[in-house]
Amino acid sequence: MKPAKEKYGLFTAITMIIGICIGSGIFFKSDNILKATGGSISLGVLVFVLAAVAIVFGGLTLSELASRTDEPGGIITYADQFCGKKTACAFGWFQTFIYYPTITAVVSWVVGIYTCILFNIKGSLGLQILIGMVFCTLCFLYNVLSPKLGAVMQNAATIIKLIPLVLLAVGGIIWGDPIAGLKNASTSAVAGATWLAAIGPIAYSYDGWVVSTSISHEVKNAKRNLPLALTIAPLLILVIYVTYFIGVTSYVGPEQVMALEDAHVAVAAENLLGSFFAKAITVFVIISVMGTVNGLVLGFIRLPYSLALRKGMMPGSEKLSKLHEKWGTPVASAIFAYAISFFWMAIHYVTMRFNLLPNSDVSEISIAISYLLYLVLYSRVIKLWKSGEIKSKMRGLICPIMAMIGSLIILSGGLQNSLFILYLALCAVVVWISSIYYKKHAA
């Protein structure tokens, strides 16, 4: 079987992580975070830092596994090589049928939200989702037909998306009153447990860093570059997020951000820069969200392919494991991934239409559950340290422990969601079916 060519360098790996994490959540989840913290900016910053533990130390920990393999599959490969094939199959099915498609569906919808804001369209939920699905379809097409174009889009979108973040962050801090905002912390909010609900939208804002592992086999010098990317990108994301959150909320005001919801970005830009530049900022925001969708799609289209390469892990493996002769991409795998994304877009529409997940969406719980699965990989890094394969106590013991703590923090946020148990049961069913399938077809 013809292996995938190495197409992506260190810069693309870093921009992919930053590009997926930064692009949608920070723009349309800031109001959700404030609602959960009772309008407290300082408490919001605290939760940002707490949640960052999961990605900073998670990235450092997974980099130890990334440096020991360049096989395709990312997380699936790590589970396969360090935990066993049955565990790898469970990871793969969870990511294929729940994790990737739910996030792809929600972020595509956000493209629709900001497109309506840009053109002053009082867009219905249906219209927003339709716009998002059209872009998602285009994204799948050009990532299949021209992988290099997808990489260029990722690099460009990452650079562009930093423009509104930097302008609103710096402008908000200079012309706002960040000191007063940070001092204004509600004692009752801190004493209660409601602020833990802010971890859900923050986890969404951070999520995506692990998607970069899905293209590890296509990263040049992957054993060196992917660990570097998993280390550098999360730290940059934390700094950018905290600066932006403080800037925009202290300038617009927590109450206004909560009242305006997703439109607060455009209002902040207009007040700071005028109506013309506000439009430009909204365009930049749309491009940044598109970059997030692009990064997700770039990783997702390779996931069924990666599972299909492993015996007994995926139905239709013969077709899904083939690379197109001309384009060098797994076309059948991309079609399969697109179909699942479309299905979850419909589920997302129903949950939003009937308000089944207040102040949340279909992706937040799957993100929380994914951190539960990462605990298995973190424990294997500790095992490698105990066996002497990892010499550094910092990387082999302290980082995995901190990553585990970060995962539990994210999980505690997911538990605040009223449908968490139902969603967990769905994930358990998917994992159970994957186990049955593997037992039947692995022999």
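Two residues are in contact here when they have heavy atoms within 4.5 Å of each other. Keep that in mind as you click around this predicted model.

**Stop 1: a pair of helices.** Select residues 125-145, which form helix α7, and residues 331-353, which form helix α18. Their axes come within 11 Å and cross at roughly 170°. Angles over 145 degrees count as roughly antiparallel, so that's how α7 and α18 sit relative to each other.

Now show the side chains where the two helices meet. On the α7 side, pick out L125, G126, I129, G132, M133, T137, F140 and V144. Their partners in α18 are V331, A334, A337, Y338, S341, F342, M345, H348, Y349, M352 and R353. What kinds of residues make up this contact of α7 with α18? There are 13 nonpolar ones, five polar and one charged.

Zoom in on L62. Leaving out residues up to four places away in sequence, L62 touches I75, Y78, W209, V210, L230, L377 and Y378.

**Stop 2: C89.** Go back to helix α6 and select C89. Is C89 buried or exposed? Its relative accessibility is 0%, so C89 counts as buried.

C89 and M313 are 224 residues apart along the chain, yet their C-alpha atoms are separated by 5.6 Å. With residues up to four places away in sequence set aside, C89 touches M313, S434 and Y438.

Conventions
Residues are numbered from 1 along each chain as its sequence is written. This is a predicted model: local features need pLDDT of at least 70, side-chain atom pairs count only at pLDDT 80 or more; totals for chains, interfaces and linings use all residues. Side-chain values use heavy atoms; hydrogens and water are left out. Axes are lines fitted to C-alpha atoms, for helices over the stretch in contact, and angles run from 0 to 180 degrees between N-to-C directions. Helices (H or I, at least four residues) and strands (E, at least two) are DSSP runs, numbered from the N terminus. Angles under 35 degrees count as roughly parallel, over 145 as roughly antiparallel, 65 to 115 as roughly perpendicular and the rest as oblique. Ala, Val, Leu, Ile, Met, Phe, Trp, Tyr, Cys and Pro count as nonpolar, Asp, Glu, Lys and Arg as charged, and the others, Gly among them, as polar. Buried means under 20% relative accessible area, exposed over 50%, partly exposed in between (1.4 Å probe, protein chains only).
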